[in-house]
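Q: Could you walk me through the charged pairs in this one, and then a loop residue I keep coming back to?

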Amino acid sequence: MYRTAVLYSVLLIAPAALTAQQPTVPHDSVRGAIRAVDVGARTLDVSTGVGYALRVVRLQLPASATITDLAGGNAQPDTIGLAQLKLGDVVHAQFGGHAASFVIYTIERVGSMAAGVKSTP
């Protein structure tokens with residue numbers, strides 16, 4: 001009886017111990033337009049999707065995260081602050097793997113909705 005109880009407890013505890021040892025890595029990404037920026041709370045609302053599949057994702061930006069500006073077209077991308085992001089900026093963010101699932105690891109500004117699409121004849 002005692003051996004059976006020990007075996008069951010080991011089988012229940014072992015998976016939790018194995019998942020605690022695995023490193024946390026970003027598990028999701030989003031590419032879309034910024035819908036809201038809250039500098040005080042350090043959050044971004046990003047609108048993504050097409051048609052009826054539109055969704056808004058609220059992302060938490062930790063103080064350690066940097067924002068890379070790829071929209072400038074420079075060979076060397078710039079690092080910008082959260083306050084420099086504007087509504088309509090297009091961003092690509094990788095997030096997840098923390099205790100809170102929507103914490104950003106990396107974020108890049110890749111363009112702006114205000115700039116529009118440039119056509120070439």
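**Salt bridges and a loop residue**

A: By the distance rule applied here, the count comes to three salt bridges, and please keep in mind that this is a predicted model.

Q: Which residue does aspartate 45 form a salt bridge with, and how far apart are the closest N and O atoms?

A: Aspartate 45 pairs with arginine 58, and their closest N and O atoms are 2.7 Å apart. Aspartate 45 lies in strand S2 (residues 43-48) and arginine 58 in strand S3 (residues 55-60), so the pair ties together parts that are 13 residues apart in sequence.

Q: Is aspartate 45 buried or exposed? And is arginine 58 buried or exposed?

A: Aspartate 45 counts as buried, at 11% relative accessibility, whereas arginine 58 is exposed, with a relative accessible area of 54%.

Q: OK, next one: which aspartate meets arginine 109 at 3.1 Å, N to O?

A: That is aspartate 69, whose side chain meets the side chain of arginine 109 in a salt bridge. Because arginine 109 lies in strand S7 and aspartate 69 in strand S4 (residues 67-69), the pair ties together parts that are 40 residues apart in sequence. Aspartate 69 counts as buried at 13% relative accessibility, and arginine 109 counts as buried at 10%.

Q: And what about aspartate 89, with which residue does it form a salt bridge?

A: Aspartate 89 forms a salt bridge with arginine 109, the closest N and O atoms being 3.0 Å apart. Here arginine 109 in strand S7 is joined to aspartate 89 in strand S6, so the pair ties together parts that are 20 residues apart in sequence. Aspartate 89 is buried, with a relative accessible area of 2%. Through shared partners, salt bridges join Asp69, Asp89 and Arg109 into one network.

Q: What else is arginine 109 in contact with, leaving aside neighbours within four places in sequence?

A: Besides Asp69 and Asp89, the contacts of arginine 109 include Thr68, Leu70, Ala71, Ile80, Gln84 and Val91. Arginine 109 itself is placed in strand S7, which covers residues 104-112.

Q: Switching topic: where is phenylalanine 102 found?

A: Phenylalanine 102 is in the loop between strand S6 (89-95) and S7, and is partly exposed, with a relative accessible area of 40%.

Q: Which residues does phenylalanine 102 contact, again leaving aside neighbours within four places?

A: Phenylalanine 102 is in contact with Val57, Arg58, Leu59, Gln60 and Phe95. As for leucine 59, the C-alpha to C-alpha distance from phenylalanine 102 is 5.2 Å, although the two are 43 residues apart in sequence.

Conventions: Residues numbered from 1 in each chain as written. Predicted model: local features only at pLDDT ≥ 70, side-chain atom pairs only at ≥ 80, totals over all residues. Heavy atoms only, no water. Helix = DSSP H or I, 4+ residues; strand = E, 2+ residues; numbered from the N terminus. Contact = heavy atoms within 4.5 Å. Buried < 20%, exposed > 50% of the residue type's maximum accessible area, 1.4 Å probe, protein only. Salt bridge = Lys/Arg side-chain N within 4 Å of Asp/Glu carboxyl O.
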